[in-house]
Amino acid sequence: MQTSAGPTPCVTGTAAAAASVNRPPSTRRPPEEELTDYWSFDLFGCLSDWRLCCATFLFPCYTVGRNAAYFYEDGAMIGALYCCGMCAVGPLTRWRIRQHRALHGTMISDVAVHLLCPCCALIQENRELYGFEGSHIGERMPINIEINRK
């Protein structure tokens, strides 16, 4: 007895479209799920660096300018705009930090944080960008002095 499986069916037309529907969905996740990191420093942890805290509460425009300078923007102009009432540069800088570091959050949350506690937000952003020592206040200078004795 001879058994044959017969010719292999060719999938064309609507059968091909139906076969593509049964494929597993793409493995690409939505952008919200790709953001897997959180801020390194707490929003209300601003008092842990007292020098940066005092400088930001006295001169917030300087900290705004330093945060913007991280992205190679004109820090003096951004700081002057912030002091003249253009407080929208704060949330925009925070948004840029979130995009750069792939942090969780939305633009609405950035605006809310800057409206409710702007100085704490500026300090958190500054510490996220420049690390534990802050960007400008109380930086530790490396001492590399060679003493030649005769």
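Author: A crossing of two helices is called left-handed if the near helix is turned anticlockwise from the far one by less than a right angle, and right-handed if clockwise. The model is predicted, so local features need pLDDT of at least 70 and side-chain atom pairs pLDDT 80 or more, while totals for chains, interfaces and linings use all residues. Residues are numbered from 1 along each chain as its sequence is written, and side-chain values use heavy atoms, without hydrogens and water.

Reader: Which hand does the crossing of α4 and α8 have?

Author: The crossing of α4 and α8 is left-handed, so the near helix is turned anticlockwise from the far one. Both names refer to helices, which are DSSP runs of H or I with at least four residues, numbered from the N terminus (strands are E runs of at least two). Helix α4 covers residues 60-69, and helix α8 covers residues 118-130.

Reader: At what angle do α4 and α8 pack, and how far apart are their axes?

Author: The angle is about 35° and the axes are 10 Å apart. Axes are lines fitted to C-alpha atoms, for helices over the stretch in contact, and angles run from 0 to 180 degrees between N-to-C directions.

Reader: Which residues of α4 and α8 meet?

Author: P60, T63, V64, R66, N67 and A69 of α4 meet L122, E125, N126, L129 and Y130 of α8, where contact means heavy atoms within 4.5 Å. By class, this contact has six nonpolar, three polar and two charged residues. The rule counts Ala, Val, Leu, Ile, Met, Phe, Trp, Tyr, Cys and Pro as nonpolar, Asp, Glu, Lys and Arg as charged, and the others, Gly among them, as polar.

Reader: Why are α3 and α8 called oblique to each other?

Author: Helix α3 (residues 50-58) and α8 pack at an angle of about 130°, with their axes 10 Å apart. Angles under 35 degrees count as roughly parallel, over 145 as roughly antiparallel, 65 to 115 as roughly perpendicular and the rest as oblique. The pair therefore counts as oblique. The crossing of α3 and α8 is right-handed. Their contact is made by L52, C53, T56 and F57 of α3 and C119, L122, I123, N126 and R127 of α8. By class, six of these residues are nonpolar, two polar and one charged.

Reader: Which residues of α3 are buried?

Author: L52, C53, A55 and T56. Buried means under 20% relative accessible area, exposed over 50%, and partly exposed in between, with a 1.4 Å probe and protein chains only. The cover over the buried residues of α3 includes α4 and α8.

Reader: What makes the contact of D110 and R94 a salt bridge?

Author: The closest N and O atoms of D110 and R94 are 3.6 Å apart. A salt bridge needs a side-chain nitrogen of Lys or Arg within 4 Å of a carboxyl oxygen of Asp or Glu, so the pair qualifies. D110 lies in helix α7 and R94 in helix α6 (residues 89-101), 16 residues apart.

Reader: How far apart are N and O in the salt bridge of D110 and R98?

Author: They are 2.9 Å apart. R98 is in α6 and D110 in α7, so the pair ties together parts that are 12 residues apart in sequence. Both D110 and R98 are buried, and so is R94 by the rule above. R94, R98, D110 and E125 are linked in a network of salt bridges, and the structure holds five salt bridges.

Reader: Is E128 buried or exposed?

Author: E128 is buried, because its relative accessible area is 6%. E128 forms a salt bridge with R101, with the closest N and O atoms 3.5 Å apart. The pair links α6 and α8 across 27 residues. R101 has 26%, so R101 is partly exposed.

Reader: Why does V111 count as partly exposed?

Author: V111 has 33% relative accessibility, and therefore counts as partly exposed. V111 sits in helix α7 (residues 107-116).

Reader: Where does C117 lie?

Author: C117 lies in the loop between α7 and α8. At 14% relative accessible area, C117 is buried. C117 touches L43 and F44, leaving out residues up to four places away in sequence. C117 and F44 are 73 residues apart in sequence, yet their C-alpha atoms are 9.1 Å apart.

Reader: Why is Y72 called exposed?

Author: Y72 has 79% relative accessibility, so Y72 counts as exposed. Y72 is in the loop between α4 and α5, and its phi is near 60°, a positive value in a residue other than glycine. A102 also has a positive phi, near 55°. A102 is in the loop between α6 and α7 and counts as partly exposed because its relative accessibility is 28%.
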